[in-house]
Amino acid sequence: MKIILLGPPGAGKGTQAKKLISEFQVPQISTGDMLRQAVRDGTPLGQKAGPIMQAGQLVPDQLVIDLFEDRISKPDAGRGFILDGFPRTAIQAQKLDQLLESRKQSLDAVVSIDVPEEALVARMAGRRSCPKDGSVYHVTQSPPKKAGVCDHCSTPLIQRDDDKEDRIRERLRVYSQQTAPLKDYYRERGLLREIPGVGAPDAILTEIKRAVVDP
Ligand code: AP5
């Protein structure tokens with residue numbers, strides 16, 4: 001199964017990707033997670049990307065494409081993948097088409113998760129993540145069993161630098177300018193499935209599965 005999860009920051013792409021990987025037995029490929037790891041590791045990529053991410057802007061296409069190309073070439077992505085946060089620009093979408101064509105693969109669906117802006121702001125402001133295993137929580141919607149620590153590995157949870165309100169607004173602006181137009185790109189190719197992203201995460205998962213398997 002080869003699926004793109006499209007949607008604004010905070011729409012629940014990561015939350016749904018983690019559920020879909022066990023449904024379909026394919027890896028989640030999150031360029032955001034990979035970039036944050038590079039920032040934590042202090043690699044040359046991380047040093048370039050860190051300030052850009054903190055400002056709520058997009059990392060330059062070529063840096064992200066190189067990172068993505070490397071990841072998608074790993075054996076576990078041969079059977080399929082859930083793309084979370086890639087592509088985000090027309091250039092990235094065109095590059096993905098070329099890459100898939102060269103591998104004689106094609107996408108099954110592009111799922112756009114749609115959530116009203118004020119709900120997005122509340123979700124991101126309350127988000128807490130585990131820097132070790134990537135688990136995502138929300139202080140009121142899906143809190144960890146013990147406040148402030150990961151349920152799975154007891155690591156102290158963190159708030160992302162870009163989850164401050166002014167950065168959130170900037171990320172939403174960048175999304176509507178640079179990424180939302182991809183909905184038309186995939187609609188024209190007959191791949192777009194639009195799913196309301198409000199409600200219980202498991203109910204949204206059911207809708208996504210239905211839209212992907214039985215459009
Ligand atoms: P990235 O990490 O991809 O962030 P994003 O797209 O802004 O998305 P988020 O991770 O904020 O949200 P999400 O949709 O995954 O929501 P989540 O499931 O966590 O990118 C970060 C940065 O990296 C970018 O700004 C850019 O700088 C750079 N970057 C990454 N990829 C790039 C690319 N391709 N090109 C250029 N730059 C790139 O959920 C959010 C919260 O809501 C959580 O607390 C969760 O518990 C809660 N929640 C989830 N579902 C529900 C629900 N149904 N009801 C209530 N609460 C819910």
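User: How far does a polar side-chain atom of Lys-13 lie from an oxygen atom of the ligand?

Analyst: This is a predicted model, where local features need pLDDT of at least 70, side-chain atom pairs count only at pLDDT 80 or more, and totals for chains, interfaces and linings use all residues. Residues are numbered from 1 along each chain as its sequence is written, and side-chain values use heavy atoms, with hydrogens and water left out. A polar contact is a pair of N or O atoms within 3.5 Å. For Lys-13 and the ligand oxygen, the distance is 2.9 Å.

User: Which residue has a polar side-chain atom 2.6 Å from an oxygen atom of the ligand?

Analyst: Gln-92 places a polar side-chain atom 2.9 Å from a ligand nitrogen. The 2.6 Å distance to a ligand oxygen belongs to Thr-15.

User: Which helix gives the most to the shell around the ligand?

Analyst: The ligand is surrounded by 35 residues, each with a heavy atom within 4 Å of it. With four residues, the top contributor is H2.

User: How are H2 and H4 oriented to each other?

Analyst: Their axes, lines fitted to C-alpha atoms over the stretch in contact, have angles that run from 0 to 180 degrees between N-to-C directions. The axes of H2 and H4 come within 11 Å and cross at roughly 105°. Angles of 65 to 115 degrees count as roughly perpendicular. H2 and H4 are therefore roughly perpendicular.

Conventions:
Polar contact = N/O pair within 3.5 Å; in protein donor to acceptor, adjacent residues only side chain to side chain. Helix = DSSP H or I, 4+ residues; strand = E, 2+ residues; numbered from the N terminus. Parallel < 35°, antiparallel > 145°, perpendicular 65-115°, else oblique.
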